[in-house]
Amino acid sequence: MDFNLNKTQELFRQMIREFAEKEVKPLAAEIDEQERFPQETVEKMARLGIFGIPVPKQYGGAGGDNIMYSIAVEELSRCCATTGVVVSAHTSLCMSPILQFGTEEQKMKYVPKLASGEWIGAFGLTEPNAGTDAAGQQTTAVPVGDEWVINGNKIFITNAGHADVYIVIAMTDKSLGTKGISAFIVEATTPGFAVGKKELKMGIRGSATAELIFTNCRIPKENLLGKVGEGFKIAMMTLDGGRIGIASQALGIAQGALDETVKYTKERKQFGKAIAKFQNTQFQMADLKTKIEAARLLVRSAAFKEDEHVANPRVNFSADAAMAKLYAAEVAMEVTTKCVQFHGGYGYTREYPVERMMRDAKITEIYEGTSEVQRMVIAGKLFGKIK
Amino acid sequence: MKILVCIKQVPDTTEIKIDPVTKTLVREGVPAIMNPDDKGGLEFALQLKDRFGAEVTVVTMGIPAAEIILREAFAMGADRAILLTDRKLGGADTLATSKALAGVARKLEWDLIIAGRQAIDGDTAQVGPEISEHLGIPQISYVAGLEYDEAAKKFTVTKETEDGYQVLEFQGKALLTCLASAVKPRYMSVGGIVDAYGKEVEVWGADRIDVPETELGLKGSPTKVVKSFTKELKAPGQIHEVDAEAAVELIVAKLKEKHII
């Protein structure tokens, strides 16, 4: 057993840390303030291959693994959580299900353009009446001739409006419950597809979050992902991977806040000495550091399990991903809240990044399954069927 | 076109600490990086590769751990990497280093050699020019810009001087030393990183280069460090006791003299 990154992962970490520090960090406050999608960063990341990290080379990817992908989201989020989630939603929620459940034709058609970053991906599951209870889908897909006709609305969709390809979950046979749900690939240029209201959010404000509207949106038959009735399973398995992305995002936010606070508390003087010299600061920060490292081990272990799953689909990593996401998100919230406190009045202003980090951290406890959903997944695995 | 790029691993610090006893750099606990000017030189080479399809070979002389900067060079786009490492090369000053690197160059085919202006750990700016002397080829130092006319097989180089720039043209073989400030080196690509450890770093010992042992390493180094110390800043400046009008004229004249205005 080896807890160290391998040489390739370490070289990658070095690159992505430098990229995040030099290219992402300087824009973080601005895109938050302006609620602006970081298009220029997206283009830079595309050129480096960051949108295709865990994608096999035959589909135009970098041929890396999920640990590298997790490190990428962590390091980007350490500087800017918005940038982290752009990559996470694209990779885990759009490319990954096409790779996992798509036909060879679908993979060849969509993955190379997504992996190169020429196209950005997104995923639509949540509806006004189907959030945590994802089975209550009201969007419908009806077969008509050689096409599927989709009608309905999706909300809170990350990368909406900037994405070129959407994985859309819709009801194909309401009488079958979750077994009547199917998954589809929808291109943004399809007539009948529109992006609605953009949400004004507390955090990750540069990330585009909007509604998707389907009005007799006709897509070709071959854009069904997987088989009819497999949509719920595809969505749930997609979210397993997505949770590792969000866990990595939470971990990065926590680490970023801790790093800022170490710097600040060494500079800030009160009662004649740096506040880092007070034992209260030291003990609290030691606890936060320990929690971040524990979260990192959970995240890495879940990413490792996902790589095992890629090699052998019988390996299940649902509970691992749920534990990583649950813990990392709660650590991110605790760390950022305390880091604002260490900054005192300055921490409550936009002059220091911890204020943004605290707002950004909150979403990690909510999206891609709330902390309560993660506990349901973990408990389900723990108890199995209870008589 | 074949380009040989000389790179060096250096401690990443602007506050270089010197061991008061051994007079050498304290390297412990300081992360090691590819020297910034060398990385600039590699970027110049890779830009030529992007535009004209050059083959880029990187070479470094150093300890076995210096391999990592060669992997980084692979991940940036280099085609071939050579690590010149041997205990016999240890303790080399700039002369012994340049002789060893010239020895490597003699064993390879190349059209152009690119080095960094200077390394941030020694700041000598000597190794590149010395290599060109050993090889008997022209050199242009402080390169801030590089253009190539493929049809005429002619390079146009912008060389930085204290007062401004010189624009020089050359054909045939030459050695350039480059400035990190002149170019923004590319990041390693993700695909390049994934492939970097699958490629071969050629490890060369002193026996691979035809340079007498007496000219290598400590034995071949005439430089002896007698004392190392941190130099204190002294800027005497000039004092002119004149009226305001004359002062303006004086300052303007000085600025013109320096080509600042």
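This is a predicted model: local features need pLDDT of at least 70, side-chain atom pairs count only at pLDDT 80 or more; totals for chains, interfaces and linings use all residues.

Modeller: Start with two helices. The axes of α3 (residues 66–79) and α4 (residues 81–101) of chain A come within 6 Å and cross at roughly 155 degrees.

Colleague: What makes α3(A) and α4(A) roughly parallel or roughly antiparallel?

Modeller: The crossing angle is roughly 155 degrees. Angles over 145 count as roughly antiparallel. Therefore α3(A) is roughly antiparallel to α4(A).

Colleague: Which residues make the contact?

Modeller: From α3(A), A:Y69, A:A72, A:V73, A:L76 and A:S77. From α4(A), A:A81, A:T83, A:G84, A:V87, A:S88 and A:T91. By class, the contact of α3(A) with α4(A) has six nonpolar, five polar and no charged residues.

Colleague: What does chain A contain overall, in helices and strands?

Modeller: Chain A has 10 helices and 10 strands.

Colleague: How do you know how compact chain A is?

Modeller: Set its radius of gyration against the globule rule. The radius is 21 Å, and the rule gives 21 Å for 387 residues. Of the contacts in chain A with a separation of 6 or more, 74% join residues 24 or more positions apart.

Colleague: How much of chain A is buried?

Modeller: Buried residues make up 53% of its 387 residues. To be buried, a residue needs 20 or more other C-beta atoms within 10 Å of its own.

Colleague: Why is helix α9 of chain A called mostly covered?

Modeller: α9(A) runs over residues 354–364, and nine of its 11 residues are buried. Among them are A:V354, A:M357, A:M358, A:A361 and A:I363. Residues A:E355, A:R356 and A:D360 of α9(A) are buried too. The cover includes α1 (7–34), α4, α6 (231–267) and α8 (318–347) of chain A.

Colleague: Which residues touch the most other members of the largest nonpolar core?

Modeller: A:F184, A:A250, A:A254, A:A328 and B:A100 do, in a core of 187 residues. Take A:A254. Leaving out residues up to four places away in sequence, A:A254 touches A:I292, A:A295, A:V331, A:A332, A:V335 and A:T336. In soluble globular proteins, nonpolar side chains tend to be buried together.

Colleague: What makes A:E35 stand out?

Modeller: Its phi is positive, about 50 degrees, although A:E35 is not a glycine. Most residues other than glycine have a negative phi. A:E35 lies in the loop between α1 and α2 (39–48) of chain A.

Colleague: Why does A:E35 count as partly exposed?

Modeller: A:E35 has 17 C-beta neighbours inside 10 Å. Buried takes 20 or more, and exposed takes 12 or fewer. A:E35 therefore counts as partly exposed.

Colleague: Where does A:F156 lie, and what is its phi?

Modeller: A:F156 lies in strand β3 (residues 147–158) of chain A. Its phi is near 60 degrees, a positive value in a residue other than glycine. With 19 C-beta neighbours inside 10 Å, A:F156 counts as partly exposed.

Colleague: How many residues of chain B are in contact with chain A?

Modeller: 12 residues of chain B are in contact with 14 residues of chain A. On the chain B side, α2 (67–76) and α5 (190–196) each supply at least two residues. The largest share, five residues, comes from α5(B). By class, that side has eight nonpolar, two polar and two charged residues.

Key:
Residues are numbered from 1 along each chain as its sequence is written. Chains are lettered from A and ligands numbered from 1 in the order in which they are written. A nonpolar core is a set of buried Ala, Val, Leu, Ile, Met, Phe, Trp, Tyr and Cys residues joined through C-beta atoms within 7 Å. Two residues are in contact if their C-beta atoms, placed from the backbone, lie within 7 Å. Axes are lines fitted to C-alpha atoms, for helices over the stretch in contact, and angles run from 0 to 180 degrees between N-to-C directions. Helices (H or I, at least four residues) and strands (E, at least two) are DSSP runs, numbered from the N terminus. Angles under 35 degrees count as roughly parallel, over 145 as roughly antiparallel, 65 to 115 as roughly perpendicular and the rest as oblique. Ala, Val, Leu, Ile, Met, Phe, Trp, Tyr, Cys and Pro count as nonpolar, Asp, Glu, Lys and Arg as charged, and the others, Gly among them, as polar. The radius of gyration is taken over C-alpha atoms; the globule rule is 2.2 Å times the number of residues to the power 0.38.
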